[in-house]
Amino acid sequence: MLVSQNLDGIDGYIRVTHGRPSPAGGASCTEISTLYVQPRHHGRGIGRRLLQAWLQLCRSNGWDAPWLASNSENSRAISFYLGNGFEHAGLTSFRIGGEEYANDVLQYSSL
């Protein structure tokens, strides 16, 4: 986990899990399980810097290019990832209680 903070507190964080295969198949076992930036800090490049820092750590550790799942209705997040080197890899679903939600699986193009 990497955290971005300032004098007032935490701006955002990214959490990566190594050893978790992509539901879309492929060779990657490195998942970006969470990338969160507080709404008041959106548009400041914090998410991009957190993502780039983790990609560099993946390279340094010899890990696979990461994948992630994003709610299919979250067009803002999907656009962010597509604009930062990810590509559509497939679809999966996320179940909460009795409800199922479509998720896009995105794969980083290459380390």
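A: In this predicted model, the largest pocket holds about 930 Å³ of space. Its lining comprises 33 residues, and those nearest the centre are L35, S70, N74, A77 and Y81. By class, the lining has 15 nonpolar, 13 polar and five charged residues. At least two lining residues come from each of β3 (30–37), α1 (46–61), β4 (67–71), α2 (75–82), β5 (86–96) and β6 (99–108). The largest contribution is that of β3, with seven residues.

One of these elements, α1, has 16 residues, which at 1.5 Å a residue should span 22 Å; the end C-alpha atoms are 23 Å apart, in agreement. Its buried residues are I46, G47, L50, L51, W54, L55 and C58. They are covered by elements including β1 (2–6), β2 (9–18), β3, α2, β5 and β6. Just after α1, G62 has a positive phi of about 70°.

Aromatic side chains form five pairs in the structure. In one of them, Y13 and Y36 are tilted, at 6.1 Å centre to centre with 45° between the planes. This pair joins distant parts of the chain, since Y13 lies in strand β2 and Y36 in strand β3, 23 residues apart. Y13 is partly exposed at 27% relative accessibility, and Y36 is partly exposed at 38%. Another pair, W54 and W63, has ring centres 6.0 Å apart and planes at 15°, so it counts as stacked. W54 is buried, at 8% relative accessibility, whereas W63 is partly exposed at 24%. F80, Y81, F86 and Y108 make up one aromatic cluster; Y81 is also among the residues nearest the pocket centre.

Note on methods. Residues are numbered from 1 along each chain as its sequence is written. This is a predicted model: local features need pLDDT of at least 70, side-chain atom pairs count only at pLDDT 80 or more; totals for chains, interfaces and linings use all residues. Side-chain values use heavy atoms; hydrogens and water are left out. On a 1 Å grid over the protein atoms alone, a cavity is a set of points where a 1.4 Å probe fits but cannot get out, and a pocket is an open set with protein on both sides within 12 Å along at least five of seven lines; lining residues have an atom within 4 Å of a point. Grid points are joined across faces, edges and corners, and a volume is the space filled by probe spheres set on the points. Helices (H or I, at least four residues) and strands (E, at least two) are DSSP runs, numbered from the N terminus. Ala, Val, Leu, Ile, Met, Phe, Trp, Tyr, Cys and Pro count as nonpolar, Asp, Glu, Lys and Arg as charged, and the others, Gly among them, as polar. The expected span of a helix is 1.5 Å times one less than its number of residues. Buried means under 20% relative accessible area, exposed over 50%, partly exposed in between (1.4 Å probe, protein chains only). Contact means heavy atoms within 4.5 Å. Rings of Phe, Tyr and Trp (its six-membered ring) pair if their centres lie within 6.5 Å; planes under 30 degrees apart count as stacked, over 60 as edge-to-face and the rest as tilted.
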